[in-house]
Amino acid sequence: MNTVLSKYKRFDVSLQELKSVLGENLYNVADVTPEKVVAADVVYAIKKYLSKAVTLSDLVDWVNVIWFTELYEYATKEENAIASVMTLLETLDEGVNFTDDEYTQMIKYLETNTECEL
């Protein structure tokens, strides 16, 4: 099961493929060991979006699955930096738009393991 979680974290499988393995309701998956999310994973996701390798919709789905399900947990030592950026990214589905420079700033905060202050 963690193989599919790891692959989803890296956009190697789609949300639909994740659901086909774990079931439609990702919020109530039994007997799952959460996949660890490190700052580099969030950097990777942002860079995939900036390079147009994934759509805004894909990024929003990714943020929602990573943040709101119990399938993933943040690495303890990077938890505050990750949470601060994920909080910003979560607003994308509310119509908030970020510039490429703001995404670059988010990456810098993640890479330096500091809370994002945008």
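Predicted model: local features only at pLDDT ≥ 70, side-chain atom pairs only at ≥ 80, totals over all residues.
Residues are numbered from 1 along each chain as its sequence is written, and side-chain values use heavy atoms, without hydrogens or water. Local features need pLDDT of at least 70 and side-chain atom pairs count only at pLDDT 80 or more, while totals for chains, interfaces and linings use all residues.

**View 1. A stacked pair, Phe11 and Trp62.** Four aromatic pairs occur in the structure (Phe, Tyr or six-membered Trp rings with centres within 6.5 Å; planes under 30 degrees apart are stacked, over 60 edge-to-face, the rest tilted). Here the ring centres of Phe11 and Trp62 are 5.8 Å apart and the planes meet at 20 degrees, so the pair is stacked. Phe11 sits in the loop between α1 (2-9) and α2 (15-22), and Trp62 in helix α4 (residues 56-68), 51 residues apart. Helices are DSSP runs (H or I, at least four residues), numbered from the N terminus. Trp62 is buried at 0% relative accessible area, and Phe11 is buried too, at 18%. Buried means under 20%, exposed over 50%, and partly exposed in between (1.4 Å probe, protein chains only).

**View 2. An aromatic cluster of Tyr49, Phe98 and Tyr103.** With centres 5.7 Å apart and planes at 75 degrees, Phe98 and Tyr103 make an edge-to-face pair. Both residues of this pair, Phe98 and Tyr103, are buried.

**View 3. Arg10 over the face of Tyr44.** Arg10 lies 3.6 Å from the ring centre of Tyr44; the criterion is NZ of Lys or CZ of Arg within 6 Å of the centre and within 35 degrees of the ring normal.

**View 4. The two sides of helix α2.** Leu15, Leu18, Lys19 and Leu22 are the buried residues of α2. Seen down the axis, they fall within an arc of 95 degrees (taken from the directions from the helix axis to the C-beta atoms), so they line one face. Gln16, Ser20 and Val21 are exposed on the other side.
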